[in-house]
Amino acid sequence: MTCEHEFEYVGDQKAGQSSNRYFKCKLCGAVKVRSDNGTEYMIPAGEEKSNTNE
Ligand SMILES: [Zn+2]
């Protein structure tokens with residue numbers, strides 16, 4: 001499945017001393033997370049409710 005993600009800012013979430021910014025694709029629902037240090041990762045649509053181990 002191909003999606004030309006069109007991200008929309010949805011909010012911040014504090015993660016310890018830093019905070020993550022969340023963007024959600026308006027087309028497929030995938031979520032992109034960007035941390036303060038510039039690291040980005042994707043959460044595919046439908047998996048955002050699963051637990052993350054940190
Ligand atoms: Zn998308």
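**Entry 1: ground rules.** I noted that residues are numbered from 1 along each chain as its sequence is written. Since I am reading a predicted model, I kept in mind that local features need pLDDT of at least 70 and that side-chain atom pairs count only at pLDDT 80 or more, while totals for chains, interfaces and linings use all residues.

**Entry 2: the elements.** I looked up the secondary structure of the protein chain and found zero helices and four strands, where helices (H or I, at least four residues) and strands (E, at least two) are DSSP runs numbered from the N terminus. Read from the N terminus on, the elements run β-β-β-β.

**Entry 3: the sheet.** I then asked myself in which order the strands lie in the sheet. The four strands form an open sheet with the order S1-S2-S3-S4 and antiparallel pairing, and two strands are said to pair if DSSP finds at least two bridges between them. The edge strands are S1 (7–15) and S4, each of which pairs on one side only. From one strand to the next, the twist averages 25°, an angle taken between N-to-C directions on a scale from 0 to 180 degrees, with axes that are lines fitted to C-alpha atoms.

**Entry 4: the pairs.** I followed S1 and S2 (residues 18–25) and found that they pair in the antiparallel sense over eight bridges, with Ala15 standing opposite Ser18 in S2. Strand S3 (residues 31–35) is joined to S4 (residues 40–43) by four bridges, and these two strands run antiparallel; here Val31 has Ile43 in S4 as its bridge partner. S3 and S4 form a hairpin with four residues between them, and Gly38 in the turn has a positive phi of about 95°.

**Entry 5: Lys26.** Leaving out residues up to four places away in sequence, Lys26 touches Glu6 and Glu8, where a contact needs C-beta atoms, placed from the backbone, within 7 Å. The C-alpha atoms of Lys26 and Glu8 are separated by 6.7 Å, although the two residues are 18 residues apart along the chain.

**Entry 6: the whole chain.** Finally, I checked burial overall, and 2% of the 54 residues of the protein chain count as buried.

Terms used. Buried ≥ 20, exposed ≤ 12 C-beta atoms within 10 Å, placed from the backbone. Contact = placed C-beta atoms within 7 Å.
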